[in-house]
Structure formats: structure tokens, C-alpha cells
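Please read it alongside the structure shown below.

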Amino acid sequence: MKITFDWLQDHLKTNLKEKHLLEQLTNVGLEVESVESLSADNELFKVAKIIKTEKHPNADRLKVCDVNIGEKEFKKVVCGAANAKEGLLTIYAPPGATIPQTKTKLIITKIRGVTSYGMLCSEFELNLSDESDGITELSTKYEKSIGKSFFSKSKSNLIDLSITPNRPDCLGVRGIARDLAASGFGKLSELKEKKIKSKTKQTLKVKINREKDQGCSAFGSCLITNVKNTESPQWLKDKLISVGQKPISAIVDVTNYVMLDINRPLHAYDADKIEKGIIVRNANSEEEFTALDNKNYKLEKGMCVISDRKGVLGLGGIIGGTRSGTELDTKNILLESAYFEPRSIRNTAKKLNLDTDAKFRFERGIDPLSIEAGLNKAALLIKEICGGEISKIDIQKIGTYKNKIVKFDTNLFKKVSGFKISTKEMIKILEDLGFKCKKEKKYLKLTVPSWRPDISQEIDIVEELVRISGFDKIKIISPIKERTKSTLNQTQRLFHFLQRAIASKGYLEAITWSFTDSNYNDHFKQNEKEIKIINPISSDLGVLRNSIFSNLIMYMSKNLDRGFKDLSIFEIGPVFTGSSPGEQTTVVCGLSAGKKSRLSWIEKDRNVDVFDVKKDVVQTFIEAGYDSDEFFIDDKTPNYYHPGKSGRIFLNKDKEQVAAYFGEIHPNISKKIDIKTDALIGFEIFLEHLNLHKKSLNDQKSKFTTSDFQKSERDFAFVVNRDVKVQDLINVISSVDQKLISNVKVFDVYEGENIPTNQKSIAISVTIQSPEKTLNDNDLEKINNLIIETVENKTGAKIRS
Amino acid sequence: MSDLKKIRDEFISKLEGKLDLSEINQIKSDLFGKNGLVSSQFKKIGTIVESERKKFASDLNVIKDELQGLIYSKINEVENTEINKKLEKEKIDITLPARPFVRGKIHPVSQAIDEISSIFSEIGFSVEEGPDVENEYNNFTALNTPDNHPARDMHDTFYLDEKKQKLLRTHTSPVQIRTMQKDKPPFKIIAPGRTYRSDSDQTHAPMFHQVEGLHIDKNINMGHLKGCLNYFIKEFFEVDKIKMRFRPSHFPFTEPSAEVDIGYEMKDGKIIIGEGNQWLEILGCGMVHPNVLKNVKVDPTKFQGYAFGIGIDRLAMLKYGINDLRAFFDCDYRWLNHFGFDPLDVPTNYRGLSR
């Protein structure tokens, strides 16, 4: 909502300065978004006429225009607008002027070899509207004004307010003035409301159909006959321009002015184009009409239309139609001032994807009792400017409006706000805001003003009182430092632990969108169903991710393209399994690319490999408190991993839930994604699959025991079939004598010469130590033999001599 | 000259010469070996006339000690020289680079969440979470934003079905609903997490982070709200004084509602929080609307309290001096490395939130 201090003063008597105004607006909840100085610069923008256009010699889309700006010589201006044509009245900005929208200062410049003196401006560039297609087109009435400044001199800055959706009353200058006055910023002026005095009847019959979901509950109108639509007088033009509106013609300007001034939207019809009266009704399905935006709309049942015998004239409270619009030669007009239900307006606008100023106001709620005031004010102004005769006002309605009553317990104020004001103060504030107050013991019986649809219960009254008294009156009550419940639960603690454990292994934490490109997601979604976003911001962010890999790989690839070759990144966050709340799991996903060491004077080049990542995952689990003796690892993994170089980890031998996958990304995927790297290894840890410890880590620890007896290490080399898993071999050895065998270590795996094909040699070092005594040669020999025997029996291995 | 003196002089002069380790050992065995010169003298003690025996023995011991001492110091000397020679050969260029290592980093948003949790933990808030995909009811209706409420337009919502029943939550406020539905009052929670809105430009990302706060009890009023936020802002920005301004605003799920600005000034292109005359909007808050409490079956005549929602990314930008919101999610190695935190930097109350 754009206002100026000047306009405000039509409704507000105050001696205070604009600086205070800005502060006070903010204090009562009318947030000042921006203040724009309509500075001296604005005088530079002149009404101008294009005298001649020629095609630019070096550019197809550009034109060279001779522009009359009221000086002897025409200015040469290069312009790219399609609508720049001979005879067009428009707005010219000379070199030195600053364009309000872009804040760029114009200079004399050569455009493709042709010097351009200044610029012809679009409405958008001048902050007049969002119309950026082409330059401003002024009506022929501006012919007289060529060379004159388009904007009038204004003392007042343009203040842009952000009005919250609960305050439709503040979409009119008067509403804002009322709030300011209540807060002590001046005094609200009495409305000098002149009434239409007429003896002529409104002869166009209006009927509101009584039907289900009728979106219009009252329709006021009057006829103004024999008008001469013309250019608005200077004061009206200045007023509209001062808040960034473009004057069009008196009739349109007056309705806009009334709307901005008291938030009363009106609509003017060319009465001669209405066939035998008006019917306000629900649209029929498949009914169509062409709106003032020149678009054709297909209507549906339940949309409120203003119609005549021939069909739809307009969508009530949203947009008028071309058929009955006023034009410069309009003689007789019907002025509409109606009440449309917010719900109906919103439904219709949403379905048709239409957004208009009227819609914006009606869906928030217009004062239902402003119908007459609007007609009076507008009709009299139109008569004053355009002449003609006004008829009596006709109001049709299908219900009567009753003011809401709120019974307000004055104690509630302090209970909520924490501070106290007297009942007298409360009454003063509320009356200033337009409430009628009646004291009833400790209650106030309040009649809510008709322009406040947002107020219906006690808490709304508290808000009004706190807002107007000032939020600065609320006293700080310092919080007590006391904790009765632990801050994080166990899963949350684990989340934070894993996050930092992975980062500590050299991974950079990334945060990527929860949605992704379906082309990437397809590689990783397995059998999960694709979860589409109905309205994505772009097609490459169209699905919720089934795996974090899709994003990590994409960003990894980008980083590689930036020239970073060796990189580890990870993300901890949600992946989605369905489109219902809760169908998501938390995954820690990491990805390493390139080499573990590269171009180092001390180490050989080595690609990052599966066992690097396996280490990261296993170490993380151990650090998180899981017992590595319990781990079970095999090679069954989703198909986006390399089938031969990937594995999964279970945290216990029950193998209930996969704690993690790790491995090389399937080479086919790397190829399709065209990621350029020496190696690409990833892992996924599933937070919800990790069993939470029932006991604290402290309680889980076994009693501290050590053995000081001598330990011995024995080395073995077994030849086994290629498909025998080392883990099985280790398990077999460990189980030979759990008391004596304290460690089993693999120090070599060999295939090739001297080993039969399809077999491999595994060299293992076993640490043997007794907690009770020093083992003698005999003891050691015995356990040696037992190890060999057991391994050979259970795995088909042969000890290598 | 006695034998003893002769032996002594001879060997002392020998030991003064330049010797290697084997020559010294030779001397050692010549003197103290089984049949060494000194050892033989000891065997002779018994044969010495009693009157001279004592002196002989004492002289012998003096000489023994002297020679032994000399031998040991000589050995030491030679060994030292040899070690030094060896060390000299082993000398490396210590300025050569260390073995390569990589540092992982924690994302600034994660760090900010940890800092925020740590601060609210002190005053008794616990952390709750909710799903990213929400139903329309929890995200809007239960929060006093019925269908057809214009406030819904303030949230550009991503929908997952044509009926617009399932969506990506537009704020963390649905966690309020879930928490209050699940438990009984009092409630004192924060809920950090991902939130989504379908706009995207220089200052908006389609995904961002919020932390929700909710404190419901008997007699919790706006003074508590102000106190809580005042405390939080001071702790978070690690300043003693903070300029804070509550501005009336509107959110359907709180009433009265406020937006909170903090004072700042620009110094050398950097934002200094807590000073100056500029205002920066950082959060929205208010007293939980009675309709919301009714929706979750909490009696608004018995319980009341406040809620707030803070943009985490925005806070992180301010605190850590980051200019571009979009960069948070761009995953640029250089950015992550520059703005990321060492994983060992866990924000705690006793060590301080940040270094």
C-alpha cells in the first residue's frame, strides 16, 4: 500500500514530522517497506510525443525516434520498444535523470553507433505499474502537456507500507490515519460526507439471485447520465501520480481515488451496454467472458458473476468485462458499489489464476457498510468533473449486516501482555479505533467496527490494545536457567555424533535440496516410487530425493569441473520413501572422488578406494560406541554400487537392518553422469537402523582387565578357494579359543604364481596371550595345531608350508 | 717404580691417544679381562707381605677406578662421536611438507543449529523434530490458517498431490502441532529443521532452515517472550548489549504477533550487531493463538504461552559474515572449506559457542 504524508493529512490533523510518522507507522504494525523520495529528479520526466521513427541502421529491433519534448529541436532517442510509433504520447527521461525502478542514471550514449539523447520509459521503469512490455502510452489528452513535467512537484515522499492480510481497513488511507490517531499521532478528521440529493430513480433493475453459495450479499448502484468523460483535474492526477498510479480518465481515476482513499472498490459500467438490468448470480459451467485484461476466461459453477440478459458483464469483485467497460465517449455510467464474500472471491480468483487490486481487497474483507459512502463520494466527484445527472442510490441485498459484539474481560490484557493499563485507557484506544464500548462490571461490551473483519474474540482486543499502547511497554522477564528434561534424545545425539564423526574423517559437510533432478534420482531410486512435486520451481528440481547420492554426485561433478580433483563431501539429512508425512528416513551419505594421495614427495599416487571408505564407516561406528566384534559384513548392495566392490554392514549378527552400505559407485552411472574422476566411492549410513544403546556407554563397558603375561604372535598362511571370505576365516580362528586368541590380523592376500588358479593365499598373524600364565612352547604348539586343524576343517583351507 | 704405577702410566698414555671402539675394548680386556694386568694384580694381593698388603690393595683400587673411569668416558666419547656422525648422515630437510592430510568441515547451518540448541538448552528447552512432508492440516489449518485465508498466499507452497493435501512444510510451526498433540502441557521446545517455499531469487532459496520455539505453561506472558528472545539474541551474537525492537505484525497462529528487529551498523563493510541505528528483521513471534491451542485440545483458559520462528540461515549469515544465501546450498568446495567449522569445534556453554 503506497501513501504519502500529504494524502494522509486529508484525514489526519497533526503537527508532527514525516520522520515521526515513519516510526509511528512501524510501531502500530504498519511496516514501512520503503520510502522513496519523489525528488526534484521527477521534474525531469517529461510528456513527449514521437514525431518520427526510423529503423536503426545496425539493429533490427531498435528504432531511432525523433521526439518532441516541447523544445525547438526534436531529440533523437534510440528505443527498442515494439510500441514506439509515430504520434505516440509517452514519457521522456533526459540524460542526467535517474530511472526510479533501476536507479540507473542516464547518460548520452551511443547505441550500436547511433547517439541516443535520453530514453523513453516504460510504466515499470517509472514505478507506475508492472507493465514492462513497451513504453508508456499516454492518452491524447496529454497532447497539451507536451514538454511539461509528467510528475507534479510533490513535497511528500512515497511511503510503501506492507499491510498484513488481517488489516484490509488499512488498504485505504483513512484506515491508516485512524490507527495513527489512536496511537496519539494527531487527530482523525471528521468525514465531511456529502450525500447524493436526487429525485431521479435508478432505472436499471438490479437483482441478486438467492442461491446457494451466492458470493454477493449486497449490490449498491447509481446511474450517472450525460457525462463527458475527460482528463482528470490536476489535483486528482497529482494525487494518483504521487502514489505511483497512472491517471487514465476522470471516471477511472475517481473510482481509483475512492478505492485508495477509503478502501471502497467501485466499478463503472457503460450503462448503455447493459441489456435490461443486472443479475448477480452464480456462473453456469462452461460460461465464458472476456475480461478487461483482454483474456478469455472459462467460468465454473459457484463463481459470482455480474450479468445482464446477454451474458456475463464481469466477475464480481475481481475484474470487469470488455463488453461493458467505460470508454472516453461513454455517456451514461452505472456505478457499482457491492459487497462480495472473501471466500467466494478467493476461490474464483484461485481457480482462474487471476490477481487484481479489487480481488486483493475483497478477499481480505471490505467494510460492508461503506457501500453508500463510496457511491456518494465517487458519483459527486464524477459529476463535478464530467457533469451529468446522478440518480438515487439503489441497494439490493440478501441479508443484513450486524456488527460483531465481543465481551472483553479487561483482566485478560495484563494476563497476556504482562503489563497494565487502566480501563479508561483501554476504552480510549478502542473508541479511537472505532469500537463502541459499554462497561459491564469487569467486562467491556464492545461493538466491533464494520471495517474490522479480523476482530471476533477477546484475544483480538488484547492485540489492538498492546499494539496501540506500544510493544516497548512490555517488560523483559529474564528466563530462568533450569533444565528439567534432556535437550536431545538419543537419536538426536547420535545424529550429531555421526555428523561430526564423519566430518572428522576429512569430509566436507554439504547441505543440498531435499528435492532433485529425476534424471539423477532415477539412478539411485531402486524400487522406491518417484515422489513428484506438483509445482516445482524448475523441472530439474521436480522430485523428492530417494537418495542423497543424486545431489552429492551432481555437486561433486560441479566441483570436479571447477578443478578440484580429490574431494570428500557428505550430507546428513532426509531421504523420502513416500509422499506422506513420516515416510522419510535420515541418511548420512558420503562421497569421495579422486586420489587419496597425489603428487606428493613422500607418498605414491593412490586412488581413493573401497577400503578407505570402509575404514571411515567402520571407524565411525566404533567411535559411536558399537562393538566391532559384533559387526557383520557381506557384499549384497543396491545396484547403484559396483557389484564386486561394495558391501553392507550390520551392527550385529542378527542381520536385521542394514546399518550402512559402502562401495564404488557403479561405473555405468559415473559414465552416464559423465563425471570425470579417477575413483568415486560412497557410503550411506541409515540413522534409524542403528540400534540405540539401552545402557549408557559407561555401563556397557566390561570390567577393566589386562594380562601382563607374555604374548606371542604366530603367523599362518592358508591357501583357500577364491570365494572364501576373509571375515569367515577370521571368525573361525577367533572362535578356536576366545580366551587365548586376543587378536587376528590379515597381513597379506595373494593370488598368482605358485598358487593354484581360483585360489588365494591369506597370511594371518594371530596374537596369543593367556590371562593366567605365561604360555610355554607346548601350550603354543597345541593352539597352533588347533588353529590349523580348525581352519582346514571348516573352510577347506590348506596351510601353506 | 712399582708395577702398578708402570701399568697406570702406560695405559693412561695409551688411552689418551686416538682410539676406536675395538681398540678401547682391547685395552679394557688387557686390563680387566680374566688374565688382564689389573685382574692379575688383584690375584696377587694374597701373596703380598701383610705390612704392605693394605697399601697395595688400596693403591690397586685407586688405579683400577681411575683406569676404568677413563675407559668408560673414552667409550662414551667414541660412541658419541659415532652417533653424531651417524645423525649427521641422517639429517633431512625438515622444511619438506608434512604428509598430506585433509580437513573435514561442518556446514555453517549445522554449526548454527548446534549453537542455537546449546543456548536454549540452558534455559530448559528441549529439541523436537517433525517431518519435512506435512499434511495441509498441520501446516495450515491447525495453525489457524484455514483454507481461503489470504495468509496462505504469504507462503508459496510446494505440493505433492493435486488435491493439495500433502506438501513440503513451509515453516517449522507444524512441529508445534505435533508436539502438543503428542504430549500434555507444559511445553518448552525448539524445533530446528528444513523448510520449503517455492520462490527462488538472490535472497530466497526454495529450501531454508527455521527454528521454531514454543513455550506453553500457566501464566506465560509477553514479558517472558521478550526475555527469552533478548537472552537468545545476546547469547547467539555473543554481545553484552543488544538493541531489539518488537514491531506489531500478523501471523494467523499467534496473537498478539510481532516481528523482531535488531539494531546494527556497518563498519568496514561488516555488520556489527547491537549498535547503530539500522534495523534488521530477524524473526517473527507472538502469543500462541487460542484457536491453535483449542485445535490441539489444550485449554486456552488454563494455558497460554509464546511461539517464535527464526530463520537459521539468516542468523548464520549475520554471525559468520556470509553475504549470499544461495551459496549455502551450492556445495562449492571453496565455500564449504572457507565458511565451514572444524568438527572439533562443538559449541558448548562452558567452552563458549565459538572461538
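In this predicted model, helix H2 (residues 21-32) of chain B and helix H4 (residues 50-90) of chain B have axes that come within 10 Å and cross at roughly 165°. Angles over 145 degrees count as roughly antiparallel, so H2(B) is roughly antiparallel to H4(B). The crossing of H2(B) past H4(B) is left-handed.

**Helix packing in chain B**

- On the H2(B) side, the contact is made by Leu21(B), Ile24(B), Ile27(B), Lys28(B) and Leu31(B).
- H4(B) contributes Leu67(B), Ile71(B), Lys74(B), Ile75(B) and Val78(B).
- Sorted by class, the residues of the contact of H2(B) with H4(B) are eight nonpolar, no polar and two charged.
- The axes of H5(B) and H8(B) also come within 10 Å, and they cross at roughly 135°.
- H5(B) and H8(B) are therefore oblique to each other, and H5(B) passes H8(B) in a right-handed crossing.
- From H5(B), the residues Glu115(B), Ile116(B), Ile119(B) and Phe120(B) meet Phe232(B), Glu235(B) and Phe236(B) of H8(B).
- The contact of H5(B) with H8(B) has five nonpolar, no polar and two charged residues.

**Contact between chains B and A**

- Chain B gives 68 residues to the contact, and chain A gives 79 residues.
- The elements of chain B that give two or more residues to the side touching chain A include helix H5 (108-122), helix H8 (222-237) and helix H11 (333-339).
- Strands of chain B on that list are E1 (126-127), E2 (133-135), E6 (244-251) and E7 (254-267).
- H8(B) supplies the largest share of the side of chain B that touches chain A, with eight residues.
- That side of chain B is made up of 32 nonpolar, 22 polar and 14 charged residues.

**Domains**

- Chain B is divided into domain 1 (3-90) and domain 2 (108-339).
- The C-alpha centres of domain 1 and domain 2 of chain B are 88 Å apart.
- Chain A is assigned domain 1 (2-38 + 157-188), domain 2 (40-145), domain 3 (206-397), domain 4 (405-469), domain 5 (490-689) and domain 6 (708-799).
- Between domain 3 and domain 4 of chain A, the C-alpha centres lie 35 Å apart.

**A sheet in chain A**

- Three strands of chain A form an open sheet in the order E1-E11-E3, with antiparallel pairing.
- Strand E1 (2-4) and strand E3 (31-36) of chain A stand at the edges, each with a single partner strand, so one side of each has no neighbour in the sheet.
- Neighbouring strands of this sheet are turned by 30° against each other on average, direction ignored.
- E3(A) runs antiparallel to strand E11 (residues 158-162) of chain A, and five bridges join the two.
- Val32(A) stands opposite Leu161(A) in E11(A).

**Backbone details**

- Most residues other than glycine have a negative phi, and most peptide bonds are trans.
- The peptide bond from Pro185(B) to Pro186(B) is cis, with omega near 5°.
- Pro186(B) sits in the loop between helix H7 (174-182) and strand E4 (187-196) of chain B.
- Glu255(B) and Pro256(B) are joined by a cis peptide bond with omega about -10°, and Pro256(B) is in strand E7 of chain B.
- Asn754(A) has a positive phi, near 75°.
- The position of Asn754(A) is in the loop between strand E41 (741-750) and strand E42 (759-768) of chain A.

Note on methods. Residues numbered from 1 in each chain as written. Chains lettered and ligands numbered in written order. Predicted model: local features only at pLDDT ≥ 70, side-chain atom pairs only at ≥ 80, totals over all residues. Domains from an automatic or database assignment. Contact = placed C-beta atoms within 7 Å. Helix = DSSP H or I, 4+ residues; strand = E, 2+ residues; numbered from the N terminus. Nonpolar A, V, L, I, M, F, W, Y, C, P; charged D, E, K, R; others polar. Axes fitted to C-alpha atoms, helices over the stretch in contact; angles between N-to-C directions. Parallel < 35°, antiparallel > 145°, perpendicular 65-115°, else oblique. Left-handed = near helix turned anticlockwise from the far one by under 90°. Pairing = 2+ DSSP bridges.
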